[in-house]
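Here is a short briefing on one protein chain. Keep the sequence and the 3D view open as you read.

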Amino acid sequence: MKMITLAFVAVLLLCSNATAAIKIDNHQAKNMDDVMSLGVIYINHNFATEQEAEVAIENDADQHGAKYYHSILMREPGSNGNLHVSADIYR
């Protein structure tokens, strides 16, 4: 009985861990099948660093149920160097 309880708790812990969306590179994104595409997400906040933008894109991809994302960082003209981001998201 003790082993069954421990096994059950272990399974619950493994299942409850949320996995974050995984960033993929250009080559991997080209090989993704259109059936797997969930679309494109855009974040119009200004970010000072690429790391802040990547965290925001990853969080947004997770909220949309994506397993993978391919980020595109864009500098808007006249934005004083701030970043506006978009990303392709995939199942």
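Two residues count as in contact when their heavy atoms lie within 4.5 Å. With that cut-off, Ala61 touches Ala21, Ile41, Ala66, Tyr69 and Ile89, leaving aside residues up to four places away in sequence. The model is predicted. The chain has three helices and four strands, and along the sequence they follow the pattern α-β-α-β-α-β-β.

**Overall layout**

- The protein chain has 91 residues, and 27% of them count as buried.
- Take the contacts between residues at least 6 apart in sequence: 59% of them join residues at least 24 apart.

**The sheet**

- Strands of a sheet pair through backbone hydrogen bonds, in either a parallel or an antiparallel way.
- Strand 2 and strand 4 run antiparallel, and seven bridges join them.

**The nonpolar core**

- The largest nonpolar core has 14 residues.
- Which of its residues touch the most other members? They are Phe47, Ile57 and Ala61.
- Strand 2 (37–47), helix 3 (50–63) and strand 4 (83–90) each supply at least two residues of this core.

**Ser37 in strand 2**

- Ser37 has its place in strand 2 and stands opposite Tyr90 in strand 4.
- Is Ser37 buried or partly exposed? Its relative accessible area is 32%, so Ser37 is partly exposed.
- Ser37 touches Ile89 and Tyr90, not counting residues up to four places away in sequence.
- The side chain of Ser37 also reaches the backbone nitrogen of Gly39, at 3.3 Å.
- Ser37 and Arg91 are 54 residues apart in sequence, but their C-alpha atoms are 6.5 Å apart in space.

**The salt bridge**

- Side chains of opposite charge can pair when their charged atoms come close.
- How many salt bridges does the model hold? The count comes to one salt bridge.
- The partners are the side chains of Lys23 and Glu54, at 3.3 Å from N to O.
- Lys23 lies in strand 1 and Glu54 in helix 3, so the pair ties together parts that are 31 residues apart in sequence.
- Lys23 has 47% relative accessibility, so this residue counts as partly exposed.
- Glu54 is buried, because its relative accessible area is 15% and the cut-off for buried is under 20%.

- Glu54 has its place in helix 3.
- What does Glu54 touch? Its contacts are Lys23, Tyr69, Ser71 and Leu73, again not counting residues up to four places away in sequence.

Conventions: Residues numbered from 1 in each chain as written. Predicted model: local features only at pLDDT ≥ 70, side-chain atom pairs only at ≥ 80, totals over all residues. Heavy atoms only, no water. Core = buried A, V, L, I, M, F, W, Y, C linked by side-chain atoms within 4.5 Å. Buried < 20%, exposed > 50% of the residue type's maximum accessible area, 1.4 Å probe, protein only. Pairing = 2+ DSSP bridges. Salt bridge = Lys/Arg side-chain N within 4 Å of Asp/Glu carboxyl O. Polar contact = N/O pair within 3.5 Å; in protein donor to acceptor, adjacent residues only side chain to side chain.
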